[in-house]
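Please have the sequence and the model in view while I talk.

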Amino acid sequence: MMKINVKAPAKINLSLDALYKRPDNYHELEMVMTTIDLADRLQLVLLEKDTIKLDVKAHFIPDDKRNLVYQAAALLKERFSIKQGVAITLDKSIPVAAGLAGGSSDAAAALKGLNQIWGLQLTLTELANLGAELGSDIPFCLYGGTALATGRGEIIKPLPMMPNCWIVLAKPSISVSTPGVYRDLRVGEVEHPNTAGMVQAIQDGSFEGICDNIGNVLETVTLAKHPEVKRIKEKMLEFGADTALMSGSGPTVFALVKQYSRAKRVYNGLRGFCEEVYLVRPWQEEK
Ligand code: C5P
């Protein structure tokens, strides 16, 4: 029986800028993203029968064609006329609808795994192009590591690894709609992060530079609408975070902290306010 396991790490946005709204209704973006050590797990088993089976080990997540993992399998099957099938088990650890690209990373991991078990021999670029058909964050998730993402998010330029630090994540128990956040964004009226500054900081391996250039234009929408997100950010800074920012369209906020003792303090402090709090590190490629 051919069986493989794939990890699907979450991402955070070190910066997220929207330059303008495009005629196709997407926003032209400049984002610096990095994968973190908080991952879902997928197991893929090759089936000789022409079928896609998905079993999600979490409540409230669809296991049919509404799930991006299912869509990834269906897309490959259709595009390459695959007659074999697959049974996928998805174990969730990444909070859902959180701004951490959990669903996109699951789809990216499925594309990678299916490329192997169906013997497709697609390159990373080919997988990224297919992933972009399903969602703007999927190409980045296929690359992983740290990268600059432009266009609608699908044009990826890999960057050096994020300098080592601690990352505290806190997700308030509210949901935000990504299309809704983009719809309410006023690109002409907000302060824009310095993307070039962030890229330089990553290239220099400068933790301080990253803290100086961190920014997310979508905070202008989500923080205004949900004061609890703003409060979490303020609490993180009060407890000693070196910097704190909302990831993606939210509602998860992350803190970057150089020292472990302070990261622990931020983590413990936040647990009083928030049910879902995590203390993680940047993602390290497995040797
Ligand atoms: O590509 P994806 O389906 O993940 O995007 C979700 C929604 O986020 C889009 O429907 C759009 O409203 C918004 N979006 C955007 N500009 C982007 C990416 C996403 O406005 N570059």
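A pocket here is an open set of points, on a 1 Å grid over the protein atoms alone, where a 1.4 Å probe fits, with protein on both sides within 12 Å along at least five of seven lines, and its lining residues have an atom within 4 Å of a point. Grid points are joined across faces, edges and corners, and a volume is the space filled by probe spheres set on the points. Before the numbers, please note that this is a predicted model, in which local features need pLDDT of at least 70 and side-chain atom pairs count only at pLDDT 80 or more, while totals for chains, interfaces and linings use all residues. Residues are numbered from 1 along each chain as its sequence is written, and side-chain values use heavy atoms, with hydrogens and water left out.

The largest pocket holds about 1,100 Å³ of space, and of the 41 residues that line it, L68, A101, S104, D137 and T178 are the closest to its centre. Where does this pocket lie? Domain 1 (3–158) and domain 2 (166–280) both give residues to the lining of the largest pocket, so it lies between them; the domain bounds come from an automatic or database domain assignment. Among the helices, which are DSSP runs of H or I with at least four residues, as strands are runs of E with at least two, all numbered from the N terminus, α2 (102–117) gives the most to this lining, with four residues.

The second largest pocket has a volume of about 240 Å³, and 17 residues line it, with K7, P9, K112, W283 and E285 nearest its centre. To its lining β1, α2 and α4 (138–143) each supply at least two residues.

As for polar contacts, which are pairs of N or O atoms within 3.5 Å, a polar side-chain atom of S136 lies 2.5 Å from an oxygen atom of the ligand, whereas a polar backbone atom of H27 is 2.8 Å from a ligand nitrogen.

Finally, two points about the backbone. Most residues other than glycine have a negative phi, and most peptide bonds are trans. In this model, however, a cis peptide bond joins G250 and P251, with omega about 5°, and P251 sits in the loop between β9 (243–246) and β10 (253–257). F60, a residue other than glycine, has a positive phi near 65°, and its place is in the loop between β3 (52–57) and α1.

Conventions:
Polar contact = N/O pair within 3.5 Å; in protein donor to acceptor, adjacent residues only side chain to side chain.
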